[in-house]
Amino acid sequence: MKALNRRKLITASAVLAIVGLASTAIPAQAAEVGVSSTQIKLGMTLPMTGTASLGYNKIPGAAKAYFDYLNANGGINGRKVTLIVKDDRYVPTEAVSKTNELILKDKVMALLAPLGTANVKAVASSVNPARRGVPVLFVNTGFSGFADVKKYPTTYAVLPSYIMEAKIMGEYIKENFAGKKIGLLYQDDDFGTDALAGFKAAGTKFAVTVPYASGSQNAAAAAGWITKFKAAEADVVILFGVSSATSAMLGVAAQLKYAPQWMLGSVGGDATTIKLTGVPAGVLYNAIGFSPVPATTDMKDEYVKFFSDIYAKAVPGSPFDLNVLLGMNTAFMTAQALKAAGINPTRKSLLEAIDSKGATFANSALVPAGYSKTSHVGLTGYWVGKYSPTGDLAPIGGTYVTYTTDSGSGPVVKSTYKRPAMPAKGLPN
Amino acid sequence: MHKAKQESTHLTMFILGGVVLYFLSGMVDELRVYQGATIAVYVIAISSIILLTGYSGQVSLGHGALMAVGAYAAAVLRIEFNLPIILCFVVAVLAAAIGGALLGAAAARLSGPYLAGTTLALAIGLPSLANQFEVLGGEQGLLFDVGFPPLALGEEFTQYKWFFWIAALAALISMWVVRNLLNSAYGRAWKAGRGNEVAAQLTGINTARSKVLAFTISAGIAGLAGALLAMTIGTVSPSAFPLSLSFAVLTGAVLAGITTLGGVILGAVVLVIIPELADVIAHRLGAAESVTINLPGLIVSGLLILTVLFVPNGPVEQHRARKAKHSALLGGTHKKMQ
């Protein structure tokens, strides 16, 4: 009797599994997956909930705001661009399963702007977009490895790498703070390892370096860091960490009236995010910061003005910050890539379009992108600015001074790059 | 004699289950095959919780960490020594079991909230240890490549089908092992210790040793689940083993019925299918993004509350109990009529 019941149970469980597994039908294939006569489907996974989502969860809204504008103005050769967004909670397992859904069930043409090095690596290994020929456009991570065409043939970086940033910081220090004692706060993982490699390449010597473990950053830890920087009499302190580390450090420094010359890495340097944690704007005043795209408050910049106008209409009340600007810039570049991929774009023609024309795609960045057949490196540098009394990053003396370099042993040079004018009405031409 | 017959019935059933899964994997599309592999991984992880919590009465909020131990052990061996994949899985079990034995030795002195707190700390702390050792690949993690399916299976045989076969076979074997362990003298000793520790000791059971053993075996099974999870996502990194993974496995165990192995597939299916189901519902209703994102959590929480309120031992156990009561009642009436 007992055995019979158990058998029934197993049968019931098996039936449940079958029903669950087979409940969705497979839609018919078009000429190219994700491209119909009326629309082009793109997919995005990123943290929309959880601790890592702060700030980043504005990216999909920003990208959609631009695509809606594009669609209202004729789309790409009459096709509307649709963006399907899934929450991966910054967990690789989730990123893999959501990406599988995007590719195998939603049948998107390409993946757009996935976030986080571990997630993108897991997707590359398990889902293997390269084998499936699925383009992975403009990944949101500074890990230099994703520019490697041999390892990730369909993946394109967009942000400058952490190594590039550290090299440019090192060059700026050489030019402006020679002979000063330099201190460095960095995250004790690959993010920090890349930074150290960049500073080494730039020949920067530190009076003190303070590592912190990811997740350990808080006010109590910050008090400890300050003791170390004070003991070493550091004149310049570089904060090369995530936003929460920068915020903890600046918040405690304000209380203790500790005020060296701050230098903020771009990862933890978004003023809006820092100020949201209660850090007084005045503490940021005169700190040095780095960014590849124009200052978000620079309304004289045609892209910033254009993007902020569209965003204000699409998401009223939401502040226009660096995440929004980067999200819209990515969508802007994607639109050009799709247009360049021909009248009937395919995954293959999209990849070829970025390889051959990607370096000339118009976008808001003040530094050039390095796309070619042999490299998928994204933006290649930063401009250096100072934070204003209201805590916003602005170019020193009102002019953008940009530096470019690579992730290897190449030199850091002042860039002569002249950004092309924005295409008419902000639409791809 | 009767026991031997029962054992062979179980074995036949598990083999039959394997045959059904084999044919099923050829009938569904690639996404379902991938989800099937994930379900198999959860089945293993949940059965390790059922053994530990349901039978031995010890609470663990840190099984995600033990899964991480297994995953890292397998990945490091694969990368550093290029060991055959089966050996990597065996070592994953052993490494996690050693971790579990150490934890179990400490756990034997703890109970209730103290044990929950200790294992919780482990779940939070252990995975980020990987950041401290270069060999473990830091935040970005390590690749864990089990290799392509054998060519003999044909060119159409996808990587996910290969993952599914490996995970499903592992799930069938581990369920068979756990099932038999729970029906053995060890299982009875765990149950006795859970019911009343003093009484169990009076019958001659060394409850401390029995608890450590339960922790060790449960950890070993969790290690296998971890290595298989790493296989399905192709990498191992600290962020793949968040605190939420430990909670998800525990949730699956409660939904399955924590004191019975019978509902384990149900728990695993719920964990994998609910997010997708929520997505479909939200889109049918044309719900806002904030609703779409939070709906899976809401449904799982709702199910959890309903389970605890109405079927605290899980739907399967409840059904079994009702049937047993029904047949006892029928038997009673039958006797009276005679």
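Which residues of the largest nonpolar core touch the most other members?

What we have here is a predicted model, in which local features need pLDDT of at least 70 and side-chain atom pairs count only at pLDDT 80 or more, while totals for chains, interfaces and linings use all residues. Residues are numbered from 1 along each chain as its sequence is written, and chains are lettered from A and ligands numbered from 1 in the order in which they are written.

Let me return to the core. The residues in question are A:Leu185, B:Ala74 and B:Ala92, within a core of 240 residues. A nonpolar core is here a set of buried Ala, Val, Leu, Ile, Met, Phe, Trp, Tyr and Cys residues joined through C-beta atoms within 7 Å. Buried denotes 20 or more other C-beta atoms within 10 Å of a residue's own, exposed denotes 12 or fewer, and partly exposed lies in between, with C-beta atoms placed from the backbone. Helix α2 (residues 30–55) of chain B supplies the largest share of this core, 17 residues. Helices (H or I, at least four residues) and strands (E, at least two) are DSSP runs, numbered from the N terminus. Domain 1 (39–160 + 299–379) and domain 2 (162–291 + 384–414) of chain A each contribute at least three residues to this core. As a general remark, nonpolar side chains tend to be buried together in soluble globular proteins.

Leaving aside residues up to four places away in sequence, B:Ala74 touches B:Cys88, B:Phe89, B:Val91, B:Ala92, B:Phe144, B:Ala227 and B:Ala230. Contact means that two C-beta atoms, placed from the backbone, lie within 7 Å.

Turning to chain B as a whole, there are 13 helices and 2 strands. Chain B has a radius of gyration of 21 Å, close to the 20 Å that the globule rule gives for 338 residues, so it is as compact as a globular protein of that length. That radius is taken over C-alpha atoms, and the rule is 2.2 Å times the number of residues to the power 0.38. The C-alpha trace of chain B spans about 70 × 50 × 45 Å along its principal axes. Of its 338 residues, 49% count as buried. Among contacts in chain B between residues at least 6 apart in sequence, 78% join residues at least 24 apart.

Next, the domains of chain A. The assignment gives domain 1 (39–160 + 299–379) and domain 2 (162–291 + 384–414), with bounds from an automatic or database domain assignment. How far apart do the C-alpha centres of the two domains lie? The separation is 28 Å. At the boundary, 12 residues of domain 1 are in contact with 13 residues of domain 2. The domain 1 side divides into 7 nonpolar, 4 polar and 1 charged. For this count, Ala, Val, Leu, Ile, Met, Phe, Trp, Tyr, Cys and Pro are nonpolar, Asp, Glu, Lys and Arg are charged, and the others, Gly among them, are polar.

In strand β8 (residues 236–240), 5 of the 5 residues are buried, so the strand is largely enclosed by the rest of the structure. A:Val236, A:Ile238 and A:Phe240 point one way from β8(A), and A:Val237 and A:Leu239 the other way. Strand β6 (residues 182–187) pairs with β8(A) in the parallel sense over 5 bridges, pairing requiring that DSSP find at least two bridges. Here A:Leu185, one of the core residues named at the outset, stands opposite A:Leu239. On β9 (residues 261–264), which is joined to β8(A) by 4 bridges in the parallel sense, A:Leu264 stands opposite A:Leu239.

The other strand is β11 (residues 381–387), of which 6 of 7 residues are buried. Its antiparallel partners include β10 (residues 288–291), through 4 bridges, and β13 (residues 401–404), also through 4 bridges. A:Ile288 stands opposite A:Lys386, and A:Trp383 has A:Thr402 as its bridge partner. β11(A) also forms a hairpin with β12(A), with 5 residues between them, and A:Gly391 in the turn has a positive phi of about 85°.

Finally, two backbone details. A:Asn77 has a positive phi of about 50° although it is not a glycine, and A:Arg89 likewise, at about 55°. Is each residue buried or partly exposed? A:Asn77 is partly exposed, with 14 other C-beta atoms within 10 Å, whereas A:Arg89 is buried, with 22.
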